[in-house]
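Work through the exercises below with the model open. Try each task before reading its solution.

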Amino acid sequence: MPDRVGSAAYKYQHIASTGHTVLARHGFTLIHTPILEYSTVYERTLGASSDVVGKEIYKFLDSSQQWMTMRPEGTAGVARAVISNKLDERLPLKLFYSGPMFRHERPQKGRLRQFEQIGVEMFGVAHPAADVECIEVGLEFLNALPINGNFELNINTLGDAQSRLRYRDSLREYFSEHQKLLSEDSQRRLESNPLRILDSKDECDIQISHGAPSYTEYLSPQSVEHYEFVKCGLDTLGIPYIENKMLVRGLDYYQHTVWEVTCASDQLGRSQATILAGGRYDGLTSALGGTKSLPGVGWGAGIDRLALLLTDNELTFDEQPIPILIIPDRTEVGRVVSPDLYQYALQVARSVRNVCKYGSYIVHSAVADTTQPATFNHPSLNKQLSTILSKSPASRKIVFIGSSEMAAKKIVVRDTLSQKQTTIGMDSIDSHLFH
């Protein structure tokens with residue numbers, strides 16, 4: 001469960017704000033759902049046999065003897081919100097979210113117990129064009145980020161509910177013949193959800209899966225038509241893709257189109273290469289007790305993994321606020337800032353903020369330990385400059401004030417790129433000075 005400071009915090013903000021901008025351009029609106037939900041929200045939708053419910057959720061009994069779960073993924077909570085707020089009365093809905101999710105799993109690079117996710121959900125559109133649109137906006141979001149590595153879109157179809165049931169029975173029969181060779185996890189999935197065996201990373205499971213029946217033999221005509229439209233739509237938009245018959249999604253609610261976007265990068269490694277994944281989940285709302293079985297489709301992307309693919313020199317930083325540096329007076333007890341000079345600094349900082357949209361702030365003297373005797377050594381101007389200029393990103397302009405500037409009601413403005421300094425009166429501060 002990481003802290004984010006400095007560039008790590010900025011990367012998170014940059015990814016989230018980029019996503020918000022791109023998704024809003026496609027007509028998606030922001031929704032916030034609680035971090036804590038009743039456990040039934042996830043148990044009804046994710047499937048009792050899924051790894052998330054079986055091994056990964058943070059679940060506890062509260063003081064009211066209600067089982068609560070910390071949000072492990074975004075879709076179920078958004079679907080619950082659609083029902084609770086009667087949003088199904090104004091379909092179609094195009095929603096997006098971002099925020100923390102929680103899963104109890106072994107922390108590793110790109111996989112954390114508290115992880116950040118951004119995602120979209122579209123309700124009330126059964127046409128496969130919605131699948132294509134969701135894939136398109138996801139790729140547009142990824143391409144808007146300065147990411148190192150090449151994207152690869154993998155797609156597959158799980159067919160409709162009837163097709164999926166027929167295929168599950170066929171898989172169960174096939175894998176039962178090889179049960180003793182399967183991994184422990186796959187043996188557990190054999191009865192509950194044999195489709196998940198196709199997604200196993202165990203080498204022996206992979207070899208056995210190569211001989212599994214093909215999904216295409218069990219697809220209904222409607223499922224084939226749906227999938228063909230998705231592929232045609234991607235071709236029309238010039239979006240390259242790879243059909244991956246082994247691609248399944250780990251949650252029980254998926255059907256029809258499923259997809260993953262992977263990125264080949266040393267920063268992620270092979271096992272954590274998926275950076276965005278989604279699919280269609282028609283009927284999810286009925287599993288939550290809704291009176292309508294709404295069609296739905298969406299995706300989620302891990303912000304933490306995306307942040308690993310960004311480097312500081314590839315980010316475009318916003319202009320920084322203007323620091324106000326106070327030049328201390330030298331006295332017998334040290335470098336001192338008089339009360340009057342501090343009052344003047346407060347006035348200067350406010351005056352600069354009033355005309356500069358990036359804002360301004362006073363650079364204060366740092367105190368590391370309040371239990372130690374107080375000192376009056378305000379840092380020298382050179383030390384303050386060194387601290388300010390070492391920040392990434394650094395401010396383009398800096399303001400100096402000392403006792404002489406206060407007496408004359410003036411300030412000194414330095415351009416950190418040209419090193420040019422300008423002295424102006426307080427009544428001459430305007431926005432052009434800080435551009």
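**Exercise 1: charge over ring**

Find what lies over the face of tryptophan 67, and how far from the ring centre.

Solution. Lysine 59 lies over that face, at 5.0 Å from the ring centre. The criterion: NZ of Lys or CZ of Arg within 6 Å of the ring centre and within 35 degrees of the ring normal. Next, take phenylalanine 28: the charged end of lysine 94 sits over its ring, 4.7 Å from the centre.

The model is predicted: local features need pLDDT of at least 70, side-chain atom pairs count only at pLDDT 80 or more, and totals for chains, interfaces and linings use all residues. Residues are numbered from 1 along each chain as its sequence is written, and side-chain values use heavy atoms, without hydrogens and water.

**Exercise 2: ring pairs**

Classify the pair of phenylalanine 141 and tryptophan 299.

Solution. Rings of Phe, Tyr and Trp (its six-membered ring) pair if their centres lie within 6.5 Å; planes under 30 degrees apart are stacked, over 60 edge-to-face, the rest tilted. The structure holds five such pairs. For phenylalanine 141 and tryptophan 299 the values are 6.1 Å and 10 degrees, hence stacked. Both residues are buried (under 20% relative accessible area, 1.4 Å probe, protein chains only). Now tyrosine 174 and phenylalanine 175: 5.1 Å and 65 degrees, edge-to-face. Both are buried.

**Exercise 3: contacts**

Which residues does leucine 198 contact, leaving aside neighbours within four places in sequence?

Solution. Apply the cut-off: heavy atoms within 4.5 Å. Leucine 198 then contacts Tyr167, Leu171, Phe175, Ser209, Ala212, Met246 and Val248.

Technical notes
Buried < 20%, exposed > 50% of the residue type's maximum accessible area, 1.4 Å probe, protein only.
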